[in-house]
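Please look over the sequence and the model below before reading on. The report that follows takes up a pair of helices, then a sheet, and then some backbone angles.

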Amino acid sequence: PEQKTITADSLKKYGKDVLSLSNTETLGTDDHFAALINEPGDIHMWVDMEKMYAGNNMTGQMLSMMKVSTFFEGNKYALTLNFDNGKITMKGKHYQGEEMTKLLKKYPPKPMDASLINRLPAENVMAAFVVNFQPEAINETLKTIGMDGMINLLLGKANLTLDDITKANKGQMLFAFTGVDRKNVVDTLSTETNKKPVTFTHTITLPKFIFANAINNKGAFDRLLDFLKENTGKLGSSSSNYTFRVKDDWFAAGDSANVAAFLSGNSNAVPFADRISGHPFGGYIDFQKIISHLTEKNTDSSRVAILTASKNMWQDMVMTGGDFADGAVTFSMEVNLVNKNTNSLKQLNSYMDQVATTYKKGFAFNKDMMDPMKDDIEK
């Protein structure tokens, strides 16, 4: 259909209509929105997911067919953003509709204990995420929206059911990224018949990580493990660098060193453990370690300049959430900066200017280098 241009007169009319709304016609009548506006903050954000999906005819019809629409009723986000000295913080509430409220009350999320996080290598963690939930909640959610039959059909090919997965797991999971290994490997390139194969050495990059999952029912989990063992060979040549093991009530997968360290159960007093524990979800990202790794062996001057600016700017990020109270799931995020004495918004503005300037200089330099080559190619 032909798109119509909004005229200045139309904008004036829209503005006049908005300013003429009565109190009963504004968002101020929504208690959740009123609570958001009263929250101290530099920026307030409000997203009504129910109205967004309802306004999209195609999406709304699809969700209705799948019975998913019931979970978007009363679904709203209220976010507050603050720019303080040395840090950026965000707090939010995800208000739930009737169906999700029933599920969350029946299967309330449980806080994660710091002892699990302290089993990670204290000095090497670049990023870590932990979650604690009740598997029965996932099972019942899928049944409510009518997806359980399809999933059971797919799982049936592996001789598994949705109930098997629910019984097998406690709902405690951990993932951590601890670095990167570089390994020289020898490969053989197949050639034409009667010719000697060509052997060559190249370097591959191997992420170092740990994934851990708490086991609830050993028998049900063994069936999951058998399926994993049968399909490990399909993961490719790099799968030989990783392993998975079961010890007591824990399953762990990753590189051998991380798996062995985690299953040993040793406590390492991880510095950020107390910052992300005590909630159903916790996350931590160490920007300093990640940027230092990216800077190694990087010879591009523009990239090095941007990475140096980033290292001088970003410290780490902490995320927590999943607690349910008063019909809402709460969550928060805190981004900490290296400079603790200057307002974070001012720092952010200065950082973006610096990155943009460096990028433009690098782009102009590369363009100048390429122009003579372009002329030669055209000739």
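## The pair α13 and α14

In this predicted model, the axes of helices α13 and α14 come within 10 Å and cross at roughly 165 degrees. Because angles over 145 degrees count as roughly antiparallel, α13 is described as roughly antiparallel to α14, and the crossing of these two helices is left-handed. On the side of α13, the residues that meet the partner helix are Q288, I291, S292, L294 and T295, while α14 contributes L307, S310 and K311.

The N-terminal end of α13 is capped by D286, which places a side-chain oxygen 3.1 Å from the backbone nitrogen of Q288. After the helix comes K297, a residue whose phi is positive, near 60 degrees.

## The sheet

Strands β9, β5 and β10 also belong to an open sheet of eleven strands, which pair in an antiparallel manner in the order β1-β2-β3-β11-β10-β9-β4-β5-β6-β8-β7. At its edges stand β1 (43-48) and β7 (242-247), each of which pairs on one side only. On average, and with direction ignored, neighbouring strands of this sheet are turned by 15 degrees against each other.

Elsewhere, helix α2 (residues 31-38) lies across β1, β2 (76-84) and β3 (87-95), running at about 165 degrees to β1.

## Positive phi angles in loops

D248, a residue other than glycine, has a positive phi near 55 degrees, and its place is in the loop between β7 and β8 (250-255). With a relative accessible area of 66%, D248 is exposed.

The second residue is A269, whose phi is likewise positive, at about 50 degrees, although it is not a glycine. A269 lies in the loop between α11 (256-264) and α12 (273-276), and at 60% relative accessibility it counts as exposed.

Terms used
Residues numbered from 1 in each chain as written. Predicted model: local features only at pLDDT ≥ 70, side-chain atom pairs only at ≥ 80, totals over all residues. Heavy atoms only, no water. Polar contact = N/O pair within 3.5 Å; in protein donor to acceptor, adjacent residues only side chain to side chain. Helix = DSSP H or I, 4+ residues; strand = E, 2+ residues; numbered from the N terminus. Pairing = 2+ DSSP bridges. Axes fitted to C-alpha atoms, helices over the stretch in contact; angles between N-to-C directions. Contact = heavy atoms within 4.5 Å. Parallel < 35°, antiparallel > 145°, perpendicular 65-115°, else oblique. Left-handed = near helix turned anticlockwise from the far one by under 90°. Buried < 20%, exposed > 50% of the residue type's maximum accessible area, 1.4 Å probe, protein only.
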